[in-house]
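This report describes one protein chain, from its overall make-up to a few side-chain arrangements. Please keep the structure in view while reading.

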Amino acid sequence: MKLVVLSLGAMLMLGADAAVAQEPAPPPLWSGTSGLAPTLVSKKVGVVQPGETYEKAIKKPTRTARLTAEHSFSYGPETFTIPAGTPFYGAQFLAIPRVGSGPAPVRRKDDIHWCSAAKEKPVVCFRWTAGKVERASAGGFMILSRSPSGQWIEDRPPALKEQVVEIDPPYEQSQTLKAVTEEGVVVATLIKQGSGDWGYDTPVKWGVKAALVSGGYVVFEPVRDAAGALTAARVTPAKP
């Protein structure tokens, strides 16, 4: 007879696996994946001058839904109502806030949250956990960059119907050649949705692959005039 001895770590892993196996599977509305998919608006390859935009895309959520009946909830002494017809979009968050002093619930890689795309408060996200729905307030200065920002509170399931919904205003991303130097280029990325926008600069060395907002890669090569002065950059598609 062979005796098998398990380490404490192995027993904990088996216990965690058993807990996940016993947890009821989420309904279709609350499972699967979701994210932002780009649609190319404009693209330029070849010689690009400083200040010129060479890539622009609109990103849309891959899963959307609409609230078919108003959803009211109380928070402290106040009552809030999410109107019927409010659009929602599916999102996934790796960091799950804890509830009170207890441990955060086990999360599956295919769990999604539904966040409202409302332009006015209340703005919330819903999630499905262990057979119940929870609600949290959401923050973010652009509609499609929202994330849960408050404590998760148990709530009744919202009347969400998954369907194609256009989120207005559109979520735009663009890349502009900001500057050329002897070392490489500086790429300015701008993200905009309605009145909210933010951007950042990325230095890229000559010949090194740089990611595009619509997917894929390019490389930059220096362009010089007859006197040898650096004037622009040549943008060439690159393999992943």
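## Overall make-up

The protein chain contains 1 helix and 19 strands. The model is predicted. Of its 240 residues, 37% count as buried. Among contacts between residues at least 6 apart in sequence, 54% join residues at least 24 apart. The accessible surface of the chain is about 13,600 Å², and carbon and sulfur atoms account for 58% of this area.

In soluble globular proteins, nonpolar side chains tend to be buried together. The largest nonpolar core here has 16 residues, and those that touch the most other members are Y89, A117, C125, I143, L144, I167 and Y171. Strands β7 (87-91) and β10 (132-139) each supply at least two residues of this core. Leaving aside residues up to four places away in sequence, A117 touches P87, F88, Y89, I143, R146 and I167. There is also a second, separate core of 15 residues, with L177, V180, V204 and V235 among them.

## Aromatic rings

The chain has 4 aromatic pairs. One of them joins W198 and Y200, with ring centres 5.5 Å apart. The planes of these two rings stand at 35 degrees; because stacked pairs need planes under 30 degrees apart and edge-to-face pairs over 60, the W198 and Y200 pair counts as tilted. The table gives the accessibility of both residues.

| Residue | Relative accessibility | Class |
|---|---|---|
| W198 | 37% | partly exposed |
| Y200 | 36% | partly exposed |

Another ring has a charge beside its face: the charged end of K209 sits over the ring of Y217, 5.2 Å from the ring centre.

Conventions
Residues are numbered from 1 along each chain as its sequence is written. This is a predicted model: local features need pLDDT of at least 70, side-chain atom pairs count only at pLDDT 80 or more; totals for chains, interfaces and linings use all residues. Side-chain values use heavy atoms; hydrogens and water are left out. Helices (H or I, at least four residues) and strands (E, at least two) are DSSP runs, numbered from the N terminus. Buried means under 20% relative accessible area, exposed over 50%, partly exposed in between (1.4 Å probe, protein chains only). Contact means heavy atoms within 4.5 Å. Accessible areas come from the Shrake-Rupley method with a 1.4 Å probe; for residues, only the protein chains shown count as cover. Rings of Phe, Tyr and Trp (its six-membered ring) pair if their centres lie within 6.5 Å; planes under 30 degrees apart count as stacked, over 60 as edge-to-face and the rest as tilted. A charge sits over a ring if NZ of Lys or CZ of Arg is within 6 Å of the ring centre and within 35 degrees of the ring normal. A nonpolar core is a set of buried Ala, Val, Leu, Ile, Met, Phe, Trp, Tyr and Cys residues joined through side-chain atoms within 4.5 Å.
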